Protein chains: 2
Amino acid sequence: MATIVVEVMLKPEILDPQGQAVASALPRLGFNFAQAVRQGKRFEIEVAGVPTPEQLADIERAAETLLSNPVIETYVVKVEA
Amino acid sequence: MATIVVEVMLKPEILDPQGQAVASALPRLGFNFAQAVRQGKRFEIEVAGVPTPEQLADIERAAETLLSNPVIETYVVKVEA
């Protein structure tokens with residue numbers, strides 16, 4: 001059983017109101033470390049056994065079509081043990 | 001400038017309708033690799049310079065109080081280059 005992680009983030013040039021809300025809430029709570037915050041999505045996909053190259057290609061296509069909107073978002077696919 | 005990543009996922013025992021929606025949409029699109037899908041949040045926090053231990057402790061506290069709901073979610077804090 002392997003876990004494939006797909007991380008989806010808004011492209012840097014796209015406005016991120018969720019991230020801005022977090023960035024402006026942090027100082028109100030006394031946290032002054034953040035210069036900027038971006039919020040994105042994280043998918044953990046369980047795959048039986050070791051993922052094959054065909055499965056990884058499928059996951060790349062699923063990330064591009066279902067999990068992200070390539071017009072405004074970027075994604076990264078990672079295989080975790 | 002360092003990027004701190006906070007990954008927030010629902011605890012395994014908490015129902016994840018978003019993940020289930022993705023898991024049931026994948027086969028409809030012809031993707032049959034997934035046995036289970038969980039969806040969570042990912043925060044990228046920009047910090048000036050190398051984060052100090054005090055800043056990392058602050059980030060842990062912010063992750064616990066603002067970025068996650070510890071009743072239903074777990075979080076992981078990672079420092080990226």
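Q: What is the handedness of the crossing of H1(A) and H2(B)?
A: The crossing of H1(A) and H2(B) is right-handed. The term applies if the near helix is turned clockwise from the far one by less than a right angle, and left-handed if anticlockwise. This is a predicted model, in which local features need pLDDT of at least 70, side-chain atom pairs count only at pLDDT 80 or more, and totals for chains, interfaces and linings use all residues. Residues are numbered from 1 along each chain as its sequence is written, chains are lettered from A and ligands numbered from 1 in the order in which they are written, and side-chain values use heavy atoms, leaving out hydrogens and water.

Q: What makes helix H1 of chain A and helix H2 of chain B roughly perpendicular?
A: The axes of H1 (residues 17–28) of chain A and H2 (residues 53–67) of chain B come within 11 Å and cross at roughly 115 degrees. H1(A) is therefore roughly perpendicular to H2(B), a term for angles of 65 to 115 degrees (under 35 is roughly parallel, over 145 roughly antiparallel, the rest oblique).

Q: Which residues of H1(A) and H2(B) meet?
A: A:Val22, A:Ala25 and A:Leu26 meet B:Ala62, B:Leu66 and B:Leu67, where contact means heavy atoms within 4.5 Å. By class, this contact of H1(A) with H2(B) has 6 nonpolar, no polar and no charged residues. Ala, Val and Leu are among the residues that count as nonpolar.

Q: Why are H2(A) and H1(B) called roughly perpendicular to each other?
A: The axes of H2 (residues 53–67) of chain A and H1 (residues 17–28) of chain B cross at roughly 115 degrees, and H2(A) and H1(B) are therefore roughly perpendicular. Their crossing is right-handed.

Q: What is the area buried between chain B and chain A?
A: The area is about 2900 Å², of which carbon and sulfur atoms give 66%. Buried area is the accessible area (1.4 Å probe) that two parts lose on being put together, summed over both. The contact takes 32 residues from each of chain B and chain A.

Q: Why does the pair A:Arg42 and B:Glu7 join two chains?
A: The side chains of A:Arg42 and B:Glu7 meet in a salt bridge at 3.3 Å, N to O. A:Arg42 lies in strand S2 (residues 36–47) of chain A and B:Glu7 in strand S1 (residues 2–10) of chain B, so the pair joins two chains. A salt bridge requires a side-chain nitrogen of Lys or Arg within 4 Å of a carboxyl oxygen of Asp or Glu. Across the interface the rule finds 2 salt bridges.

Notes. Axes fitted to C-alpha atoms, helices over the stretch in contact; angles between N-to-C directions. Helix = DSSP H or I, 4+ residues; strand = E, 2+ residues; numbered from the N terminus.
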